[in-house]
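Here's a walk through one chain, from its overall layout down to a few side chains. Have the structure open and follow along.

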Amino acid sequence: MQETLQTLVGGLSLGAIYALVAMGFSLVYRTMGLVNFAHADIAMIGAYAASTFYLTSKLPFAVAMVVAIAVTAAIGLVIERVLRPLENKDFDLMLIGTIGFGIVLQAVAILIWGTTGRAVRSPVRSAPLDLFGVRVRTYDLMVMAVAALAVLGLAWFLARTKRGAAMQAVAMDHEAATAVGINVGRSNALAFSIGAGLAALAGGLVGPMLYVDASLGGALGIKGFAAAMLGGFGSIPGAVVGGLAIGVLDSYAAGHFQGYSVLVTFLVFTVAIMIRPMGVFGERTVSRA
């Protein structure tokens, strides 16, 4: 029983990371109808940036995270600005453009940080907590708390602010939003920057849990993408549920199937998607094609 609970906690902390990545995917898709294939590599850049500011520049971990988020948010703005002329004109080229940006970001990461990865020490030095016989790393609890605050902050922004309401309007009806005077380009840029910031938050938080290298984006991206699909692409609550589900499933599979854990995780994911192709929440989104 204790081993099961231990695995559950580890899975929830990883799931919180996947949820943040999935939220970034879903936010851009919800607003623009576009899958940003550079998203995973933005998370990798965020992990490298946070680790650099934390380990090399000796900034406090929280400050390093904020700076990394600002850097990736700027990258998100650049990507959106380059792709903006193609909006509603050549959707396929926009998709290819995001793939191209991902390749560029990988090359930039290798140029700046090299091919050798780095281990990031945990910013939380306290000993694991003993909760009802289960030893829980304090850092895992911190990751879950930060992810929960990010989810609540995004929900508040979308529901309670004018910018958030504008993004919701653009997601529901692009043409109607334009007709009532909403600046669609600005809303799209904001979606890209927030999505990139969430990716950096995920990358920075996962640094002390995994090894930071140029392949990190692929590992985070494919599971974050799966989480977004499982929850219902375009659904923010679905991204959270999907992320936690993939994290827990991944953790249990690693404990019981070891080298075959990824295979087992995606077999279960495939069956779930076959049963419910629209995902758990099944939100329909506007097609920009």
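First, the ground rules. This is a predicted model, where local features need pLDDT of at least 70, side-chain atom pairs count only at pLDDT 80 or more, and totals for chains, interfaces and linings use all residues. Residues are numbered from 1 along each chain as its sequence is written, and side-chain values use heavy atoms, with hydrogens and water left out.

**The whole chain**

The chain has 11 helices and two strands; helices are DSSP runs of H or I with at least four residues, strands are runs of E with at least two, and both are numbered from the N terminus. Reading from the N terminus, the order is α-α-α-α-β-β-α-α-α-α-α-α-α. Along the principal axes, the C-alpha atoms fill a box of roughly 60 × 45 × 35 Å. A compact globule of 289 residues would have a radius of gyration near 19 Å, and the chain agrees at 19 Å. That radius is taken over C-alpha atoms, and the globule rule is 2.2 Å times the number of residues to the power 0.38. Of the 289 residues, 50% count as buried. Buried means under 20% relative accessible area, exposed is over 50%, and partly exposed is in between (1.4 Å probe, protein chains only).

**Helix 8**

Helix 8 (residues 184-206) is largely enclosed by the rest of the structure, because 20 of its 23 residues are buried.

**A patch on the surface**

Which residues form a nonpolar patch on the surface? They are Val104, Val108, Leu111 and Ile112, with about 390 Å² of accessible area together. Ile112 belongs to helix 4 (residues 91-113) and is exposed, at 54% relative accessible area.

**Two pairs to look up**

Phe269 is in helix 11 (residues 261-275) and counts as buried, at 12% relative accessibility. Ala70 is in helix 3 (residues 61-83) and counts as partly exposed, at 47%. Here is how each one sits relative to a partner:

| Pair | Apart in sequence | C-alpha to C-alpha |
|---|---|---|
| Phe269 and Met229 | 40 residues | 9.4 Å |
| Ala70 and Gln168 | 98 residues | 23 Å |

Note on methods. Patches are made of residues with over 30% relative accessible area and no salt bridge: like charges are joined within 9 Å, nonpolar side chains (Val, Leu, Ile, Met, Phe, Trp, Tyr) within 5 Å. Accessible areas come from the Shrake-Rupley method with a 1.4 Å probe; for residues, only the protein chains shown count as cover. A salt bridge is a side-chain nitrogen of Lys or Arg within 4 Å of a carboxyl oxygen of Asp or Glu.
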